[in-house]
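Student: Hi! Could you walk me through this one before I set anything up?
Tutor: Happy to, let's take a look together.

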Amino acid sequence: MAINILMVFFALYFIVMFLGLGFGLLLILKKTFPDQDPFVIANGYVFFWIIGDLMMRFFLQKLPVMSVKPLLTLPIKRSTVVNYVLGKSVASFFNLLPLFAIIPFSIMLIMDGYATSMIVTWLFAMIILVLISNFLNFIIEAFSSEKELSFLPIITVVGVLFGLNYFGILPMTSLIGDALLGIANNPILILIPLAILAACYAYNFKILKSKLFLDSSLKSKVEEVNAADLSWTERFGDVAPFMKLDLKLIWRNKRTKSMAFLLLIGVLYGLFFYPQPMYREMTFMSAFIGIFSTGFFLINFGQFIPAWDSGYYKLLMSQNIKYEQYLRSKFILMVISVVLLFVLGIPYVYFGYKILIAHFAAAIYNIGVNTHVILWGGSFNRKKIELDKKAAFNYQGTGAVQWLIGIPLMLVPMAMFGLVNWLVGFAAAVALLIVLGLVGIVFHKKLMKAITHKYLDSKYKMINAFSQDN
Amino acid sequence: MIHTKDLSKTYNGTTVLNIEELTIPKGQSFGLVGNNGAGKTTYFSLLLDLIKPTTGNITSNDVVVDQSEDWKPFTSSFIDESFLIGYLTPEEYFYFIGELRGQNKADVDSLTSKFEDFFNGEIIGKKKYLRDLSKGNQKKAGIVAALIGNPEVIILDEPFANLDPTTQIRLKQIIKDLAEKQGVTVLVSSHDLMHVTDVCERIVVLEKGNVVKDLETNPATLKELEAHFANGAVVSQEEE
């Protein structure tokens, strides 16, 4: 349920954004370019929109082929199945969303005095363009799936188009803009994009029909094993087996692999704020950014402990293991990530030494307090995670715990820092975070014992929850 | 070795298992048969402390399983796929289990090398993750992993299901050897009456959570079991 609510929320958010764009674009263009025709300018930007649309689709939209597996054994013609799959893809949210911008924009144009027939033709041309992107994306994906570096084709296509335009070899912006204007003025020309759409559809039909067998594309892919030397973990003694397991867990599953890249986002997070002088003056912001950026991995990985291991939780519970070792492995990983993120974030000193000090305090707080808080919060996890499911827009395993845990994790340290900073001063606020962090580190053993106890208490509940299918 | 006393498990008022007393001596190969929902997996889950008994308890080697964790070092099991770690190769999985049970790589290698026949060249050195293996091969890996670290009690739920005929025959030999030559207590459940009577010295029949038969295996046992379950079929037909 929570997952669906979140998805609906996201969808509504985008719809509102697009509606706003659709209704507001005309005014914005009139203000920005007072002496030019806004309709011409808007068409000039369509190229960039297509590029962005293709990128988004490539990473988020997949052809729903797996859903037809049951149809293959039924007495239905193969071509009917293919048409069904391709037709179904048209009803995607990615194709509906642009309508929320295109239709209001058209209405605004007509109300502004543009010829209705011209705008309506344009509207249809745009819809056809959306559908072309839809099918073009599946063609690109079909090529990508055979390549080692799967996103190379999309990068190449987008890069070449962008490059041609940028260096003026082939002015794509004005080309597409002129084409759309041409269609708007001569409705008969709409047959050209229609023909392109038909060609894209036919090509998709051909690819798909040749692939739609249980043994080729519908069979889930067998991955080659990638084994790395993890002997360095041996220095952590009895925790080593679990650390090796955790590292393989992160590296070999789609859902977790994307999390490793979050390390990068964590490092760059400060760049959203610090270049703006407004944020640099608000010192309490640097505590918040520090907690967030050094704790990025900690938060994203930690909130799903022990659900990451839900697939084989029964094994762990019946094996000869100490729960405390299992948890300590996760703890060590999180500490390593905090240290790493702090070190990588040292260049932020460029924006002022205070930022570095605040980040340092935040890192200590993360190590001493937040690691324990998030481990403790994990004992309330009751939702299973299937590791082989896709990563983007996947909220499986997300429950109320994930939302509530954010309060002690981020808001409390931020509020404390802000308050002391305001009442006493920067030095005292930094000292407070560091002292709290150190207290956590000193009592690490005791805290771990209490946390382990909490996990043991909920053992049966967790086993039961993790063996349910969501 | 394993002593069950007044054990029961109730879900929302429905009793799914109720065993007054059951003692399994050391080194016995013990078979559990029954139709779906008879309580076989429930009993094994209770033995492994994966679910909490409603009343009573199980004592294994003088350790009460739901009160202490000291039974873990000498007990191992393979119940279902949730005992496998999908993103490991079979070798990595064996080494991981080995590390948990205090065995180094060489120990594990020497053990798994004894099962080359059983693996039939489909498990070791294939550079494939467990999640990509067929159900039968996954089962082979899981069963052998349960033999790592010289356990004294081995629990296998439906070990014969999904295996090909040759592997089934080899598995029977492995289980017999464990009980006869190494004194390991082996607990096996199965729907296949022939396999259980071949392998087990003693067979207990569960029905709706109750022990309805407790047989010492002899040449007549298979007939007796078949008669018992055939009767059940007749009864349920009449009920319909």
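This is a predicted model: local features need pLDDT of at least 70, side-chain atom pairs count only at pLDDT 80 or more; totals for chains, interfaces and linings use all residues.

Student: Let's begin with chain B. How many helices and strands does chain B come to?

Tutor: Chain B has eight helices and ten strands.

Student: And what box do the C-alpha atoms of chain B fill?
Tutor: Along the principal axes, they take up roughly 55 × 40 × 35 Å.

Student: How does the radius of gyration of chain B sit with a compact globule?
Tutor: It agrees: chain B has 18 Å, and a compact globule with 240 residues would have a value near 18 Å.

Student: What percentage of the residues of chain B count as buried?
Tutor: Of the 240 residues, 45% are buried. On the contact side, take the pairs in chain B with a separation of 6 or more: 67% of those contacts join residues 24 or more positions apart.

Student: Can we zoom in on a residue? Where does B:Gly142 lie?
Tutor: B:Gly142 is part of helix α5 of chain B, which covers residues 135-145.

Student: Is B:Gly142 buried or exposed, and why?
Tutor: B:Gly142 counts as buried because it has 23 C-beta neighbours inside 10 Å, and the cut-off for buried is 20 or more.

Student: Which residues is B:Gly142 in contact with, leaving aside neighbours within four places in sequence?
Tutor: Those are B:Phe78, B:Phe83 and B:Leu84.

Student: Switching topic to the contact between the chains. How many residues does it take from each chain?
Tutor: Chain B puts in 25 residues and chain A puts in 24 residues. On the side of chain B, helix α2 (residues 90-100) gives the most, with three residues. By class, that side of chain B has 13 nonpolar, four polar and eight charged residues.

Student: Now chain A. How is chain A divided into domains?
Tutor: Domain 1 runs over 2-211 and domain 2 over 236-466. Taken over C-alpha atoms, the centres of domain 1 and domain 2 of chain A are 39 Å apart.

Student: What about helix α7 of chain A, how does its span compare with what it should be?
Tutor: The two agree: at 1.5 Å a residue, the 15 residues of helix α7 (residues 152-166) of chain A should span 21 Å, and the end C-alpha atoms are 20 Å apart.

Conventions: Residues are numbered from 1 along each chain as its sequence is written. Chains are lettered from A and ligands numbered from 1 in the order in which they are written. Two residues are in contact if their C-beta atoms, placed from the backbone, lie within 7 Å. Helices (H or I, at least four residues) and strands (E, at least two) are DSSP runs, numbered from the N terminus. Ala, Val, Leu, Ile, Met, Phe, Trp, Tyr, Cys and Pro count as nonpolar, Asp, Glu, Lys and Arg as charged, and the others, Gly among them, as polar. The radius of gyration is taken over C-alpha atoms; the globule rule is 2.2 Å times the number of residues to the power 0.38. A residue is buried if 20 or more other C-beta atoms lie within 10 Å of its own, exposed if 12 or fewer, and partly exposed in between; C-beta atoms are placed from the backbone. Domain bounds come from an automatic or database domain assignment. The expected span of a helix is 1.5 Å times one less than its number of residues.
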